[in-house]
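Here are my notes for your read-through. Keep the model open beside them and find each residue as it comes up.

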Amino acid sequence: MSDNQTNEQAVASQQDSEAPRPKKQKKQQFRAKRRTDVHGWIALDKPLNMTSTQAVGAIKRIFNVKKAGHAGTLDPLASGCLPIAIGEATKTVSFVMDGFKEYEFTVRWGEETSTDDAEGELIDSSAHRPTEEEIEEALEHFSGEIMQVPPAFSAIKVNGERAYDLARDGEEVNLAARPVTIHHLELLEAPDEDTAVFVAECSKGTYVRSLARDIGRHLGTRGHVIALRRLISGPFTEEMLISLDDLEQLSHSAPGEPGLATALLPVETALDDIPALAINRNAAARLRRGQSVLLRGQEAPIDGHISAMHAGLLVAICEVIEGELWPRRVFNLPEHQPDFSSDAEPNN
């Protein structure tokens, strides 16, 4: 190779090294979507084959919130009313859980399962099939306060562990009977000799699966639940229910159209049985600081619990003691509806 060729290659190499390098494309970054300031209740119509925990997760995603919880578990094979509290509404969950429940359920006669529903294994059977008259008569023994043994597959804790975890591991689970109240129990129909449909109004802690099992045994047969729907939970009724599909559609509403805010029920919905009392600005400020407020006037409540309200907003759940309001749960609620805008903005 000649010296001239070598020099030409060196010059070309130098020019290549001095040529400006193409700029790297700057990736478009997106700011993390800010959590929405949402407080209230969703009366969810929980679908079949979904756990209550999964339902709460779906609500968190749709509403873009961090804090939410349900007011009473519904089994995966059950549908219907699952009240879900968002934000400050979680402070009122106990008031819903303490309320009465209403269920519609279908029992299959002749078979008892390990879970007392269609999910379990067959553990006992009977050829006897009760008549409608026998069923009607049996229901009289399951009204008012009764003693009930919860299902082995339940969320009740045994020595710090859930009963259903022990049962799934093959351990024998012996739960003690406990009192529950059946306010109303009615046979709706008996479509055939193998099945019967009931409606029950009952207290906190009642297991419909146990009710079906015990009715079957009382009738000299066996029974388990094959369909279960919760119609009412405390102040939340069937008319209030909204499905996850409908919530998804509302979450994609165009500006000016009804959105998620239309499905959100006020925090105080859970306090339906607690009297409300309007208070002034100064009293509201004291309660928010955890201080008591002296009541005046002939219409002031004498004792018990009240919901203290100012300018249409829930300030606190208070206990009335000797003419004074003492805050037991204080709420920090915004004055305006939340903004459910979900579009992420590019951060250039």
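1. Burial comes first. Of the 348 residues of the chain, 42% count as buried. Buried means under 20% relative accessible area, exposed means over 50%, and partly exposed is in between (1.4 Å probe, protein chains only). This is a predicted model, in which local features need pLDDT of at least 70 and side-chain atom pairs count only at pLDDT 80 or more, while totals for chains, interfaces and linings use all residues. Residues are numbered from 1 along each chain as its sequence is written, and side-chain values use heavy atoms, with hydrogens and water left out.

2. Next, the surface and the elements. The chain exposes about 20,300 Å². Carbon and sulfur atoms supply 46% of that area. Accessible areas come from the Shrake-Rupley method with a 1.4 Å probe; for residues, only the protein chains shown count as cover. The chain has eight helices and 19 strands. Both are DSSP runs, numbered from the N terminus: helices are H or I with at least four residues, strands are E with at least two.

3. Contact means heavy atoms within 4.5 Å.

4. Now a helix pair. Helix α2 (residues 52-63) packs with helix α7 (residues 244-251) at an angle of about 15 degrees. Their axes are 10 Å apart. Axes are lines fitted to C-alpha atoms, for helices over the stretch in contact, and angles run from 0 to 180 degrees between N-to-C directions. The two helices are therefore roughly parallel to each other. The scale is this: under 35 degrees is roughly parallel, over 145 roughly antiparallel, 65 to 115 roughly perpendicular, and the rest oblique.

5. The crossing of α2 and α7 is left-handed. That label applies if the near helix is turned anticlockwise from the far one by less than a right angle; clockwise gives right-handed. From α2, the contact is made by Ala 58, Ile 59, Arg 61, Ile 62 and Phe 63. From α7 come Leu 244, Leu 247, Glu 248 and Ser 251. By class, that is six nonpolar, one polar and two charged residues. Here Ala, Val, Leu, Ile, Met, Phe, Trp, Tyr, Cys and Pro count as nonpolar, Asp, Glu, Lys and Arg as charged, and the others, Gly among them, as polar.

6. Look at two asparagines. Asn 49 is found in the loop between β2 (40-46) and α2. Asn 64 is in the loop between α2 and β3 (68-70). Phi of Asn 49 is near 60 degrees, a positive value in a residue other than glycine. Phi of Asn 64 is also positive, near 60 degrees. Which of the labels, buried or exposed, does Asn 49 get? Asn 49 is exposed, because its relative accessible area is 62%. Asn 64 counts as buried, at 11%.

7. Phe 198 lies in strand β12 (residues 195-202). Its relative accessibility is 0%, so Phe 198 counts as buried. Not counting residues up to four places away in sequence, Phe 198 touches several residues, among them Tyr 103, Trp 109, Ile 135 and Leu 185.

8. Thr 113 sits in strand β6 (residues 111-113). Thr 113 is buried, at 5%. Ile 123 is ten residues away in sequence and 5.2 Å away in space, C-alpha to C-alpha. Setting aside residues up to four places away in sequence, Thr 113 touches Gly 120, Glu 121, Leu 122, Ile 123 and His 224.

9. Finish with two loop residues. Met 240 lies in the loop between β13 (223-233) and α7. Met 240 is partly exposed, at 34% relative accessibility. Met 240 and Ala 43 are 197 residues apart in sequence, yet 6.1 Å apart in space, C-alpha to C-alpha. Ala 270 is in the loop between α7 and β14 (276-278). Ala 270 is buried, at 6%. Beyond four places in sequence, Ala 270 touches Trp 41, Thr 92, Phe 95, Val 96 and Pro 235.
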